[in-house]
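Subject: Model handover, with notes on charges and surface patches

Hello,

Here is the structure you asked about. My notes follow below it.

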Amino acid sequence: MRFAHYIYNKRTLLITSAFTLTLISAYASATYNPFENSVSTSMTNADALPPIENDKLSLLTPQELSFLRNPTQLKWFGLSEEKVFTQLAMRDAVSVKQYVSEMLAVYNAAKFQPGQDQASAVNNGILEPLSIVADAPEIPLNTDAAGYNKRTIIQPSVFDKYKRSPGPISLKRYVHEQGGIPTFANAPVAIRVEDLTAGMVEVAFVGVPLALGSGWRDSQHAPTVLRGMYGLGGYDIAGGVDPALVLNIADFGNVATAYLSPELNIEHIREQIGEMIKANTVPFIVGGDHSIMYPTVAAMSDNYGASNVSVVHLDAHYNGERGLDHYFSDKQSVSRLLQDKLIMGKHLIQVGLRGPSQDKEALQWLRTQGINYHTMVEVQQSGWDKVVAIAIKQAKTTSKTFISFDMSVLDPAYAPGAGRPVPGGLSILQAQTLVRRLCAETEIIGFEMLDLAPYLDISYKTALNANHIMHACLTGIAMRKSGITKSNHLDPLALSQ
Amino acid sequence: MNVKKLVTSVLAMCAVSTIVISGVQSQIASNVKQVGEKQKDSAESEFVYIPSVAGQVPERIDSATPGLMAAEPLEDIPEDVMAILDSLPSDKGDFIKSGKGEGVVKKDILFELLISASPSEAEGYVDTVMSIYDKMEFKKGRDIEAIALNKSSPDFNSWRLKRPQSMNPDREDGPISLGRYLGGGNSGIPTFANAPVALTAEDLIAGEVDVAILGAPLDMGSGWRDAINGPKAMRMLRRGTGGTDVSTMINPTSVLNIVDYGDVAIDQLSTERSVQEVRSMVREIAETGAIPIIIGGDHSLEYPNVAAIADVYGKGKVSVVHFDAHLDTGRGRVHLLSHGQPIYRLMKEAHVRPENFIQVGLRAHYSKSYYEWEKEIGMKYHTMAEVERRGWDDVMDRVIKEATENTEYLYVSFDVDVLDPAFQPGTGTPVSGGLTMREAIPIVRRLCAETKLVGFDIVELAPALDSSYVSALNANSLMFACMTGIAMHKEEITEKGFISELSSEHGQDDYYGEGR
């Protein structure tokens, strides 16, 4: 009896695997798209299946049997074959039929259903525009809103009430003022692009207060908190320079953000960062969540060409999820940049990956895309110095480098105020070293500090560390400007003789 | 404002009103009287109030957009400027005269520029104003009208698909108790009010559930965010929700069948997309006859919550008491809903009549135009200014009176920021000068006891902002106050301001001179 059952299973598998493939190809529009979540076609060895009563499966249709044998579909429910067989063992044929058919029905309902957007939003003669949005393929906006685009329109200086010559304005009253109006690095303020140009600003900080991340959402307060925290000024002992003396730095204020959807922000951020680049500045972007990486890197690519830009992405998260219902979010910045050809996989270097979202499927995908990833496992295995050396070497395959720094790359001991913290991260010293070296040894075209959630840290620690990371990059840029570009340069005065 | 025209339209409206549905006739009659009274001082207040009709969009709902100036033709244009404007091509001169340019640049600044400009420069300035104005307003074909979603996503609907109940072992319908011991006490699993769990409408019906508490972790507020963790914080604190209420000697848990109905699915990237599901889940609870208590989540939720209640109990048949530091009447914004706009949307879609919206605790910094508009459409607001002027007890009595005078049913929406930050630091948009817990507890208990309550929500609890337990404890205590009221109502204790004789008087002497 049991033997016969094995035969049955094997035969079923043969039939169903062919069927599954048909399903899959219909599903993926006949071509394999690496950007959709891959649908595994591998079948578990039938011999590994525990024996079950043959007739328990007798009521199942071929589709239901196929579903039962598909690990990807089972995983969608948090199930494995073993877990399913535990369930089957507890049930009779009727119950098995109900169990499997209801799961399959739910699974099949996951994708957009033809006609699901056909319901009327008019109830009893009254328009209720939101009553059908969950079923709709788009989110309607209120085009009657007064000043629909007002948020992002920049007032030209010609209409200023009080005229002034362009250029950064210092808000300090005293020569040696501490405190006062908080600005990034205590730098003067540039209000419009012409202020950047006139002042020949080399590095301009800009806040992008957008908190729509998948973790704790407080990054919209990061720009304000980092402006109010010290650590962005003064001499760097390792680099042997004071970047504020070497570089023209300005605080370019904040980019306007819409707080109810990431999608409505992409275009304006991309355009504003682009304007900063055209004014010959290196933007230092303070987010905001990691969805901002899409428009910032896009702006780099727009202005320098995707093939000329390496992106060093320091993050616990790979941010490469595919096939989601929304087009933009922190979890999918990397996959969207690749899909839209705004970055080349071989020019993306990820450092610090760890945590459960970096699963086999994710890592396989990174490999398929040619992305150079360096997990914390590798850091532990090879040592930090080696990883730093490889990352810099990989960054150097293009002429320009952009750094996307997510606070979660640091261990929560150093950055409890990260929106998506994961233990087992870099130390502040490790991160400073990599950032300083990248900024000295490659040509930096932009830097972003993302997903800092100030309210998670009742101490000053996260904000101070974030500023010190950015200071490390300023130091590197200043070293490079001063002609110090050799590998791993440390100022001799900082070392004992 | 053309008062005469308005009066005419009011009279026409009244004529129409008299032939509307017989059930609301007495109500309309009283409203007509009100209109008559208001007309007398209309010259002074400039408002003419037109009563709304249940189930119809209020006549004057879009009469004004507070905070935004409508363009009015410029007056007193100096002669020299007028000469310049007249010298321009007529469309350009007319544009400036129309006042539309005020949204781009104030006229004083523009006039100064024009006076000292050459003719071609002057035209250039006007062109700049016009091109900025053109960019500002929505233009079809140029601006997006909707946020596109990825229709080809294999998981387009996944966020709100329900897990088949057949994946669980067979069980009879009814609430699932998570306790193990005969001695009772807490089970280890944190649930709202330590209640058993219900997963389906059938569970609610089989369990004859009176109150189903639903988490709705929508986290898209405009201030500090963490409302996503509001439901979790209230479940995990496990204090403040059990036992006997001292004021009434009522133990809601023993009087009522209470369940934790889990969380409703939320799309954390879109308020608009989430509300259809919230509305459907709240309706699912209300349709069984149970009272939904929704734990947010941000205040956008008031829209789907109350719309669902109106789906079940009738359009315009439910009054709403809205506790909040904020008016939440925002409108005319790019997004159709946010935590600043739920009230407008509820009235705009005729779920609730403006007359039946009662706001309590308002004190955030809204301009006069917001209050003027509320007066005009008949809303009832009670600011902290009124509390300052009249004292809390009088305001409370007035709110309770208003909550019961127009409708049979009441919904209470409680934004925790109505409390002073001393009592509620854990909220996204706190405003100082709010209610104390000793003011909030009795009004909530009384509203839930003395009316036919059909729904209640607690929103905007953001635990990350409070390193102590205080915010979650107070939120739980307010839920307890309402559940006490619901239990009193079930026990038919609806005497106004009922206080237990036993717990409020030891009776060993006649200290208060009321007899022993």
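With which residue does Glu405(B) form a salt bridge? The partner is Lys380(B), with the closest N and O atoms 3.9 Å apart. A salt bridge here is a side-chain nitrogen of Lys or Arg within 4 Å of a carboxyl oxygen of Asp or Glu. The pair links distant parts of the chain, 25 residues apart: Glu405(B) lies in helix H16 (residues 392-405) of chain B and Lys380(B) in strand S7 (residues 380-383) of chain B. Helices (H or I, at least four residues) and strands (E, at least two) are DSSP runs, numbered from the N terminus. Glu405(B) is partly exposed, at a relative accessible area of 40%, whereas Lys380(B) is buried at 18%. Buried means under 20% relative accessible area, exposed over 50%, and partly exposed in between (1.4 Å probe, protein chains only).

Before the rest, the conventions. This is a predicted model, in which local features need pLDDT of at least 70 and side-chain atom pairs count only at pLDDT 80 or more, while totals for chains, interfaces and linings use all residues. Residues are numbered from 1 along each chain as its sequence is written, chains are lettered from A and ligands numbered from 1 in the order in which they are written, and side-chain values use heavy atoms, without hydrogens and water.

Other salt bridges

The count over all chains comes to 44 salt bridges. In one of them, Asp359(A) meets Lys75(A) at 3.7 Å, N to O. These two are 284 residues apart, with Asp359(A) in the loop between strand S8 (348-353) and helix H12 (360-368) of chain A, and Lys75(A) in helix H3 (residues 71-76) of chain A. Asp359(A) is partly exposed at 29% relative accessibility; Lys75(A) is exposed at 51%.

Salt bridges that share partners also join Glu128(A), Arg279(B), Arg283(B), Asp311(B) and Lys315(B) into one network.

Surface patches

Val246(B), Met249(B) and Leu502(B) make a nonpolar surface patch of about 310 Å². Patches consist of residues with over 30% relative accessible area and no salt bridge; like charges are joined within 9 Å, nonpolar side chains (Val, Leu, Ile, Met, Phe, Trp, Tyr) within 5 Å. Areas come from the Shrake-Rupley method with a 1.4 Å probe; for residues, only the protein chains shown count as cover. Val246(B) sits in the loop between helix H9 (230-237) and helix H10 (252-255) of chain B, and is exposed at 56%.

Glu501(B), Asp509(B), Asp510(B) and Glu514(B) gather in a surface patch of negative charge. Lys and Arg count as positive, Asp and Glu as negative, with His and the chain ends not counted; a charge is placed at NZ of Lys, CZ of Arg, CG of Asp or CD of Glu.

Regards
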